[in-house]
Amino acid sequence: MTALLSFKALSKDWFGVPAVSDLTLEVARGSTLGLIGENGAGKSTLMNMVGGVVTPSDGEMSWKGEAYAPRSAADAAVRGIAFIHQELNLFTNLSIAENVFIDSFPKRFGMIDRTRIREDTAALLARLELDHSPETLVAELAPGERQIVEIAKALHREADLIIFDEPTTSLTPRETARLFDVIARLKAEGRTVIYISHILSDVKMLCDEVAVLRDGRLVEAGPAEVFDVGRMIRSMIGRELAGMFPARTAAPQADVVFEAEGLGQPGVLEAVSLNVRAGEVLGLFGLMGSGRSELARVIFGLDPVERGSLRLGGRELAGGPGARIAAGLAFVTENRRDEGLMLDAPVAENMSLVAVRTFGRGPLAVLDRGAHELATERMRGEIGVRAGDIARQPVKALSGGNQQKVVIGKWLMSGPRLFILDEPTRGVDVGAKYEIYALADRLAASGAGILFISSELEELIGMCDRVMVMSRGEVTAEFAAPFDRVKILAAAFREAVA
Amino acid sequence: MRPGLDVALRHATAIIFVCVLLYFAVQAPGFLAMENLGNIVKQSAFIGIAAIGITFVLLTAGIDLSVGSVMYLAPLIAGIVMRDLGLGVPAGLIVCVAAGALLGAINAVFIVRLNIVPFIVTLATLFAFRGFGAFLTSSRQFDFPPAMREFGQASVFGVPNPILFFGGLALIAHFVLTRTTFGRQIYAVGNDAEAARKAGVPVAALRARVYVISGACAGLSGFVLISQIGRLDAGFGEGREFDVIAAAVLGGASLFGGVGSAFGAVAGATLIQTVKTGLVFTGVNLYLQPIVQAAIIFLAVLVDSLREHRLRRLKRRVIRPATDA
């Protein structure tokens, strides 16, 4: 078999941090390749390079034997590469037929030839066994049906390679079964498929080749027969960690600071219960889309919850974020730049944002500038922010690590009892990571509870007293130190490993 | 959401329209007379034509605040050209639409090429265009030749010219929006600009063209009203951008993009004019009339945001696999 798509020493780094490095791989024409790896292993970056969304920093790609360097997503589409993303690229306000033909409507007398697009689409839908009129609005379709429309689009463009990225996340079992039927038919037609999924048994079942990525590198690739689920998981992990984490200074205390019981929200969370003791760091692990961040938002009162109760220090938590902050909750969001900071405002102003009302004096709550300066300056020393004049320097002028410290400092000023840290070390360099870990340890040692959410298993193992694993909105397992990485990952993948 | 509310939201304009007509019919006999209704449509042509134009912009989730100033400047340019070159009214009409398109193109350059927010760009040109007109006229009234008014009063087969333009434009816009690649791609951009880009839709070119169309329509709208008055005052069209946006939104266009239609804009503009005329008919206190209009506009925007809220709920991400029904 000849290679349809091949990568030679392909690399991509973001501001010096490698996302894909020196990757060489061939995708044979007519094969079905399963691409697997942990969060951040480089799967998305690799596929974005294929799709023309990201330009490689080094190395080469070739397509049908010719050098391939797409400049845009449309470029890749024209060559015959189709993407079925997790978030579908359909226009809900247009009909199925219009979605299929959006980039190239056939015309008759200058107007869209509606008869033709209707008939052609009807033929495509019949091939895919989707029982809808081509004139149905996409808004009226279920998620699984929308995916079939995406596939119809790919077929309409005569795509040779169809890339599926986590296609089954929001599908019902029946829809998933139909999708697999369709994929089998695509294979039978001789089309090449790349299938990316966290559901390893699906990969095992659908694919004839498997490639495993870790830290942007290809760990191993080969025929699917030789990969059982255990080997896939073991191949995905394997990194040494020594000296990356500070030693924990204090053991958890006996009393529970925070308790969540039976949290449920249709489509998002199902019966999630957890508790955090004073001085304890509870890790929350899960793959992308497992519901970790959604849980954090529910606890903090940003999203509604239908069932269950939350207690902080024995008292019921209710109301919006304002009331919960007052009760002693702090939330370091995973999206520092958009949700955690006012980028253009000075460092000091960012730090005092949560506690600002404590600086109000008199009936008009006029800001006591002296006290404000004193307090922010003290906090700067405490958390070790490296900045010039914190009253003037805007936060966006700081490095990622220092920015994150400002976010944590902002919460420290209000003296919270439970910290939710959502991906606190994302986009932060190694040195600053260590400082953030040390800060987390200090918070715990001072008696606060910490809910540490991360997609980096290593840092959870290095920092936590316990680790809970979430998958598809529910807690699938809980582990206490010493941790077994294979078991944690297996729980996240919902696979049983001996 | 309950299906009843759903249907009500989708047909909000029609429902409000029927209620308004019934109310005035009961309050003022003769309101539903053919002549009065004809007058209402004729008077709504002015706002309606510009509303059709701005619907294109709103469909891409953009905004054009400069339409009121274009209504003033484009006919003024046409008037000067007519005077200096001795052109007739039909030629002047073409110059006026072209001038409107050019002013729209200025908006487009700033928005698409320099990537500045439409709100800011068109807010700036709102002042710039009017300022330029004031400079040309020294804020004095500009008189058109008598032929202008004759054109405005004329009719073809008994249909007055303003209604002819209004109806003709509505038909053309409807066909462009529903039957051409350009039209369907506008809806795609408004629904999800990023997805449109990925699908190979020429997003930048589309966004540029909608501002040109909005400018051209605003020019035409100004010309149609001036042809009925015969002169152009310094304050002509001032503040009309809000009537125009209100008409489009009342007709079902969403400020969030992707939803709206040409006939909707027609309905919205006609509804606003119906209310205005009806208030005069029923002798409502002159000073209360703006408040009633405000209430209707508020209602329209409220409906729009309810609709958007509903759409958001449909789009919300779901993690847990759904169960088969």
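**Notebook: chains A and B of a predicted model**

I began with burial in chain B: buried residues make up 45% of its 325 residues. I count a residue as buried if 20 or more other C-beta atoms, placed from the backbone, lie within 10 Å of its own; it is exposed with 12 or fewer, and partly exposed in between. I note that this is a predicted model, where local features need pLDDT of at least 70, side-chain atom pairs count only at pLDDT 80 or more, and totals for chains, interfaces and linings use all residues. Residues are numbered from 1 along each chain as its sequence is written, and chains are lettered from A and ligands numbered from 1 in the order in which they are written.

**Chain B**

I looked up the elements of chain B and found 14 helices and four strands. Helices (H or I, at least four residues) and strands (E, at least two) are DSSP runs, numbered from the N terminus. The radius of gyration of chain B is 21 Å, close to the 20 Å of the globule rule for 325 residues, so chain B is as compact as a globular protein of that length. This radius is taken over C-alpha atoms, and the rule is 2.2 Å times the number of residues to the power 0.38. The C-alpha trace of chain B spans about 75 × 55 × 35 Å along its principal axes.

I then turned to helix α11 of chain B, residues 203-229. Its 27 residues should span 39 Å at 1.5 Å a residue, and its end C-alpha atoms are 40 Å apart, which agrees. The expected span is 1.5 Å times one less than the number of residues. Of the 27 residues in α11(B), 21 are buried. Just after α11(B), B:Gly230 takes a positive phi of about 95 degrees.

**Where the chains meet**

I recorded 25 residues of chain B in contact with 28 residues of chain A; contact requires C-beta atoms, placed from the backbone, within 7 Å. Which element gives the largest share of the side of chain B that touches chain A? It is α9(B), with six residues. The elements giving two or more residues to that side are α9 (181-191) and α10 (193-198) of chain B.

**Chain A**

I found 17 helices and 24 strands in chain A. Its radius of gyration is 25 Å, close to the 23 Å that the globule rule gives for 498 residues, so chain A is as compact as a globular protein of that length. Buried residues make up 48% of the 498 residues in chain A.

I traced an open sheet of four strands in chain A, in the order β14-β13-β16-β17, with antiparallel pairing. Two strands pair if DSSP finds at least two bridges between them. The edge strands, each pairing on one side only, are β14 (269-277) and β17 (315-316) of chain A. Within the sheet, β13 (256-265) and β16 (307-312) of chain A are joined by five bridges, and A:Gly264 has A:Arg307 in β16(A) as its bridge partner. Helix α9 (292-300) of chain A lies across β13, β14 and β16 of chain A, at about 70 degrees to β14(A). Axes are lines fitted to C-alpha atoms, for helices over the stretch in contact, and angles run from 0 to 180 degrees between N-to-C directions.

Lastly, I examined β23 (466-471) and β24 (474-480) of chain A, which pair in the antiparallel sense over six bridges. A:Arg466 has A:Ala480 in β24(A) as its bridge partner. What do β23(A) and β24(A) form? They form a hairpin with two residues between them, and A:Arg472 in the turn has a positive phi of about 45 degrees.

Conventions. Contact = placed C-beta atoms within 7 Å.
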